[in-house]
Amino acid sequence: MGVGETRPLRECGAADLRLLLAEESAHWATELEWDWRDVSAAVAAGLERGTLTGRALRAGGRPVAYCYYLVDEGRVVVGSLFASRAARGRGLEEELLDEVLDEACALRRPGRVECQTLFSTAVDPEARFARAGFRAGARLYMQRPLEGAGPGPAVRARALQRGDLPAAAALVHRSHVGSLDAALNLTYSSPASCRGFLDSLVLRAGCGPFDPDASALVEAAGRPVAVLVASRLSAGNGHVCQVSVAPEWQGRGLGRGLVERACRSFAASGLKVASLSVTVANRRALQLYELLGFRTRRAFAAHAWVRPPARLELPA
């Protein structure tokens, strides 16, 4: 297979990338137990409309790798970086990523670029981000089997409802103030951005279909003090999308109780595994998840860049 050349995704049609997108869906279903078909369908729709930004690498007369990015409010978000099996391990994804990062960082606005490399087949994408001036934080995608997810310590929680989302978003924001996650991910920068995030999870299946039975809210004196939002990543994988506890209520077992409650709900629904992602620097959360039986399925990183002279300050 020759090295080939890259071209803008706007010049590619969905039919052109059909085989590559099908291979990608199969890959993430095996690698992460994540049903990627809705994402592939959204990528294909963007290709058909000619609105998807990014680049594809062609070799042997067909696309063998692609990487896209989206211009979101206040940032550019780089999405998946995927290469067909025959094209992996030769540095092609890294070279493609270099081009995409150059393009995204050169945009006049918004002057901020973010990426999480969970969905990357590149051998060492992290070095390319560092070379481009990005700051980073190590993250883990973790899973635990649900077999034996029996009764645990009870937590007084109720179902999360649509009307709870404004207060829950404020809670999520407060729990992230000053954290590495907030520095690297604009999602946690304000109550409004956290509200948009929760709306995406609950109302628009932004991380798989919302699971109302596994999601829950804990209240004290009529105010939320802990929240967990859950979804279904596949027919067998229940996912903890977000768990947050108010700072003054941390260390009282609420986070543990909500995660255990979600796992019991997943198991009762016939799912086989539970999954979540965590930033390695969040030692308390990581130790809790390991105690609850979660083990690393895949290591990745969160990356962020801001245009100089602005600086991205990370917590010590």
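Among the 41 residues of the largest nonpolar core, those touching the most other members are Leu9, Trp34, Leu47, Tyr66, Leu198 and Val227. A nonpolar core is a set of buried Ala, Val, Leu, Ile, Met, Phe, Trp, Tyr and Cys residues joined through side-chain atoms within 4.5 Å. The model is predicted: local features need pLDDT of at least 70 and side-chain atom pairs count only at pLDDT 80 or more, while totals for chains, interfaces and linings use all residues. Residues are numbered from 1 along each chain as its sequence is written, and side-chain values use heavy atoms, with hydrogens and water left out.

- Beyond its neighbours within four places in sequence, leucine 198 is in contact (heavy atoms within 4.5 Å) with Leu165, Ala168, Ala169, Val172, Leu203 and Val229.
- Another core, of 30 residues, lies apart from it and includes Ala214, Ala216, Val245 and Leu271.

**Helix H1**

- Helix H1 (residues 18-32) has 15 residues and reaches 21 Å from first to last C-alpha, close to the 21 Å expected at 1.5 Å a residue; the expected span is 1.5 Å times one less than the number of residues.
- Leu20, Leu21, Glu24, Ser25, His27, Trp28 and Leu32 are the buried residues of H1, where buried means under 20% relative accessible area, exposed over 50% and partly exposed in between (1.4 Å probe, protein chains only).
- These buried residues fall within an arc of 165° seen down the axis of H1, so they line one face of the helix; the arc is that of the directions from the helix axis to the C-beta atoms.
- The face turned away from the buried side of H1 carries the exposed residues Arg18, Leu19 and Thr30.
- Among the elements covering the buried residues of H1 are helix H2 (37-49), strand S3 (62-72) and strand S11 (295-306).

**Alanine 274**

- Alanine 274 is placed in strand S10 (residues 273-279) and counts as buried because its relative accessibility is 0%.
- Leaving aside neighbours within four places in sequence, the contacts of alanine 274 include Met142, Leu146, Cys263, Phe266 and Phe294.

Technical notes: Helices (H or I, at least four residues) and strands (E, at least two) are DSSP runs, numbered from the N terminus.
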